[in-house]
Structures are given as C-alpha cells and as structure tokens.
Amino acid sequence: MAKATVIIPTYNRLQHLKFTISGLTRQIEPDFNVIIADDGSDSETKEYLESLKGRTPFEFNHVWHEHKG
C-alpha cells in the first residue's frame, strides 16, 4: 500500500498536466499513487495518459466525468 495518494484535478490543461506528471516522476520517494480527477477534458488528455501506462514509477488512475459547467 502506498504511503500517499496525490490527486491532480484537470480540465483541458494538458501542458499543465504534463508538467505536473513530469515533476512527480522525479520524486526521490516513489511510494505514492496518483489519481487524475478529470472534469471532462477532451480526448487528447485521455490519449496522453494512456500512453503513460506502465511508463511511470508510480501507479495512476484517470477518473473522467462529463463537464457540466
């Protein structure tokens, strides 16, 4: 079980998300997991996150729901 969970909220801010994930990959203590709370971003965000599966030193879950304003 991970020592901590990092929750990253996002909505169509792929560059910010990439920057945040890049920073997390550089952490000295990798004993954490990540939840990406996505408020309905477009498919570009989903495609990026799918490309990362198995390539990060931490586990992450992408939780997406429809943006309703």
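I began at asparagine 33, which stands opposite glutamate 59 in strand 3. Strands and helices here are DSSP runs numbered from the N terminus (E, at least two residues, for a strand; H or I, at least four, for a helix). I note that this is a predicted model, in which local features need pLDDT of at least 70 and side-chain atom pairs count only at pLDDT 80 or more, while totals for chains, interfaces and linings use all residues. Residues are numbered from 1 along each chain as its sequence is written, and side-chain values use heavy atoms, with hydrogens and water left out.

Strands next. I found that strand 2 (residues 32-38) and strand 3 (residues 59-64) pair in the parallel sense over six bridges, where pairing requires that DSSP finds at least two bridges between the strands. With helix 2 (residues 43-52), these two strands make a right-handed β-α-β unit; right-handed says that, with the strands pointing away from the viewer, the path from the first strand over the helix to the second runs clockwise.

Then the core. The largest nonpolar core has 13 residues, and Ile21, Val34, Ile36 and Leu49 have the most contacts inside it; such a core is a set of buried Ala, Val, Leu, Ile, Met, Phe, Trp, Tyr and Cys residues joined through side-chain atoms within 4.5 Å. Helix 1 (14-25), strand 2 and helix 2 each supply at least two residues of this core, and helix 1 gives the most, with four. Leaving out residues up to four places away in sequence, isoleucine 36 touches a set of residues including Ile8, Thr10, Leu49 and Phe60, a contact being heavy atoms within 4.5 Å.

I followed threonine 10, in strand 1 (residues 4-10). Threonine 10 counts as buried because its relative accessibility is 9% (buried is under 20% relative accessible area, exposed over 50%, partly exposed in between, with a 1.4 Å probe and protein chains only). Beyond four places in sequence, threonine 10 touches, among others, Asp38, Asp39 and Ser41.

Serine 41 sits in the loop between strand 2 and helix 2 and is buried, at 5%. A polar atom of the serine 41 side chain lies 2.7 Å from the backbone nitrogen of asparagine 12.

Last, I looked for charge pairs. The structure holds one salt bridge, that is, a side-chain nitrogen of Lys or Arg within 4 Å of a carboxyl oxygen of Asp or Glu. The side chains of glutamate 50 and lysine 46 form it (3.9 Å, N to O), and both residues lie in helix 2, four residues apart, about one turn of the helix. Glutamate 50 is partly exposed at 48%, and lysine 46 is partly exposed at 45%.

Notes. A polar contact is a pair of N or O atoms within 3.5 Å; within protein, one must be able to donate a hydrogen and the other to accept it, and residues adjacent in sequence count only if both atoms are side-chain atoms.
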